[in-house]
Amino acid sequence: LIHQGCFAYFTGGFNSNILIWFGILPMLGGIILGKKGVITWTIITASVSLVALYKMLYLSDFPMLISHNGWIVAQGFMIFGWIFLSSFIMYIFTALVEKNNHDVSLKATKIHTLVRVLCHDISNPLTTAKNRIKLIERSLGPDDQALKEKMSKLDRPLESIQGIIDQVRTWETIESGKKELELKPISIIDSILGTIDLFEEK
């Protein structure tokens, strides 16, 4: 900004073509600092340009201390420099975006694989636990009514875990496009009873 401002001052001020380089400063600020950088450098460059415009209109002309040949060289640097620099910045930016998208996709694949493995690994012992509870309930006699009630209370949390696994699997098939989301009624009473069972012992 200092270099471009000084160069503009000694080569015609607001009429100097070097001021077009101010346009790259908000872009660089945005890439490096994000939204705050864009806003900050837009305000700074616009303010300096407005000061140059005000001086030209109401105060005095800027000096012109560059020769004709020097002006041609400077113009060449400005035009081709702008093309090269903006192209280079956008190339780096798009390369970073592509890399970020690839990393996000890779992480999503890993998460989906982990979820699939977890669902599979939890389902097997869960099924075993449910079957064993049923076997124990069948083996209990009429005198074991209190124990039967306690055993039956284990069914709800186990069914809840199974429901979560089923929901995750359904979500995964919907996300992959193999299945569409189906909305269906649910029992509010079952939801309330499940919540009561979950917090009853706490």
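A salt bridge is a side-chain nitrogen of Lys or Arg within 4 Å of a carboxyl oxygen of Asp or Glu. The views below come from a predicted model, and the structure holds three such salt bridges.

**View 1. Salt bridge between Asp103 and Lys99 in helix α4.**
The closest N and O atoms of Asp103 and Lys99 are 3.1 Å apart, which is within the 4 Å limit for a salt bridge. Asp103 and Lys99 are four residues apart in helix α4, so about one helical turn separates them. Lys99 is exposed, with a relative accessible area of 52%. Asp103 has a relative accessible area of 28% and is partly exposed.

**View 2. Salt bridge between Arg116 and Glu172.**
The side chains of Arg116 and Glu172 meet with an N to O distance of 2.9 Å. Arg116 belongs to helix α4 and Glu172 to helix α6 (residues 155-175); the two are 56 residues apart, and the pair links distant parts of the chain. Arg116 is partly exposed, at a relative accessible area of 46%. Glu172 counts as buried because its relative accessibility is 11%, and buried means under 20%.

**View 3. Salt bridge between Lys130 and Glu159.**
Here the side chains of Lys130 and Glu159 meet, at 3.3 Å from N to O. Lys130 lies in helix α4 and Glu159 in helix α6, 29 residues apart, and this pair links distant parts of the chain. Lys130 is buried, with a relative accessible area of 18%. Glu159 is partly exposed, with a relative accessible area of 44%.

**View 4. Crossing of helix α4 and helix α5.**
Helix α4 covers residues 68-139 and helix α5 covers residues 145-153. The axes of α4 and α5 come within 10 Å and cross at roughly 165°. Angles over 145 degrees count as roughly antiparallel, and α4 and α5 are therefore roughly antiparallel to each other. The crossing in which α4 passes α5 is left-handed.

**View 5. Residues in the contact of α4 with α5.**
On α4, the contact is made by Ile133, Ile136 and Glu137. On α5, Lys148, Met151 and Ser152 make the contact. The residues of this contact divide into three nonpolar, one polar and two charged.

Terms used: Residues numbered from 1 in each chain as written. Predicted model: local features only at pLDDT ≥ 70, side-chain atom pairs only at ≥ 80, totals over all residues. Heavy atoms only, no water. Axes fitted to C-alpha atoms, helices over the stretch in contact; angles between N-to-C directions. Parallel < 35°, antiparallel > 145°, perpendicular 65-115°, else oblique. Left-handed = near helix turned anticlockwise from the far one by under 90°. Contact = heavy atoms within 4.5 Å. Nonpolar A, V, L, I, M, F, W, Y, C, P; charged D, E, K, R; others polar. Buried < 20%, exposed > 50% of the residue type's maximum accessible area, 1.4 Å probe, protein only.
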